[in-house]
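The points below are meant to be read beside the sequence and the model.

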Amino acid sequence: QVHLRESGGGSVQAGGSLRLSCAVSRVTRCGAYMSWYRQAPGEERAFVSGIDTDGRRAYADSVKGRFTISQDNAKSTVYLQMDNLEPEDTAMYFCKVEAYGGIRCTAQNDYWGQGTQVTVSS
């Protein structure tokens with residue numbers, strides 16, 4: 001079982017910055033895709049950014065150019081640097097790990113963190 005813990009959320013004014021962290025309890029031998037999602041009240045949980053084992057990054061159009069995802073060398077922690085925050089970024093941010101395993105590295109299990117709140121005021 002993989003456990004995730006997000007941190008770094010808080011309240012900032014528009015134009016401010018926050019850096020979110022997601023600590024993963026176990027690093028799989030087969031690797032994993034780590035990503036960030038966010039969900040505002042009454043809205044669907046939406047993809048924000050992701051990074052694969054090779055460091056390939058993906059971003060939602062709404063955050064491209066403002067957010068940067070990264071991970072440490074051990075790949076036990078994933079970060080989301082959020083710059084030039086806007087009120088529309090206000091949401092609960094969740095870390096997600098798509099962990100691959102099994103003998104063939106074809107098995108997949110998804111794990112979610114508890115979430116960290118980001119509030120951006122104008």
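1. A pocket, as the word is used here, is an open set of grid points with protein on both sides within 12 Å along at least five of seven lines. In this model, which is predicted, the largest pocket holds about 170 Å³ of space.

2. The lining of the largest pocket is made up of 14 residues, and those that lie nearest its centre are Val2, Thr28, Arg29, Tyr100 and Gly101. Strand 9 and strand 10 each supply at least two residues of this lining, and the largest share, 4 residues, comes from strand 10.

3. The structure holds 5 salt bridges, and one of them joins Asp89 to Arg38, with the closest N and O atoms 2.9 Å apart. Asp89 lies in the loop between strand 8 and strand 9, whereas Arg38 lies in strand 4 (residues 32-39), so the pair ties together parts that are 51 residues apart in sequence. Asp89 counts as buried because its relative accessibility is 1%, and Arg38 is buried as well, with a relative accessible area of 13%.

4. A salt bridge is also formed by the side chains of Glu86 and Arg66, at 4.0 Å from N to O. This pair links distant parts of the chain, with Glu86 in the loop between strand 8 and strand 9 and Arg66 in the loop between strand 6 (57-59) and strand 7 (67-71), 20 residues apart. Glu86 is partly exposed, with a relative accessible area of 31%, whereas Arg66, at 11% relative accessibility, counts as buried. Which residues make up the network of salt bridges? Arg38, Arg66, Glu86 and Asp89 are linked in it.

5. The side chains of Lys64 and Asp61 meet in a further salt bridge, at 4.0 Å from N to O. Here Lys64 is exposed, with a relative accessible area of 53%, and Asp61 is exposed too, with a relative accessible area of 68%.

6. Asn84, found in the loop between strand 8 (77-82) and strand 9 (91-101), has a phi near 50°, a positive value in a residue other than glycine, and at 43% relative accessibility Asn84 counts as partly exposed. Cys105, placed in the loop between strand 9 and strand 10 (107-112), has a phi near 60°, again positive in a residue other than glycine, and at 35% relative accessibility Cys105 counts as partly exposed.

Terms used: Residues are numbered from 1 along each chain as its sequence is written. This is a predicted model: local features need pLDDT of at least 70, side-chain atom pairs count only at pLDDT 80 or more; totals for chains, interfaces and linings use all residues. Side-chain values use heavy atoms; hydrogens and water are left out. Buried means under 20% relative accessible area, exposed over 50%, partly exposed in between (1.4 Å probe, protein chains only). On a 1 Å grid over the protein atoms alone, a cavity is a set of points where a 1.4 Å probe fits but cannot get out, and a pocket is an open set with protein on both sides within 12 Å along at least five of seven lines; lining residues have an atom within 4 Å of a point. Grid points are joined across faces, edges and corners, and a volume is the space filled by probe spheres set on the points.
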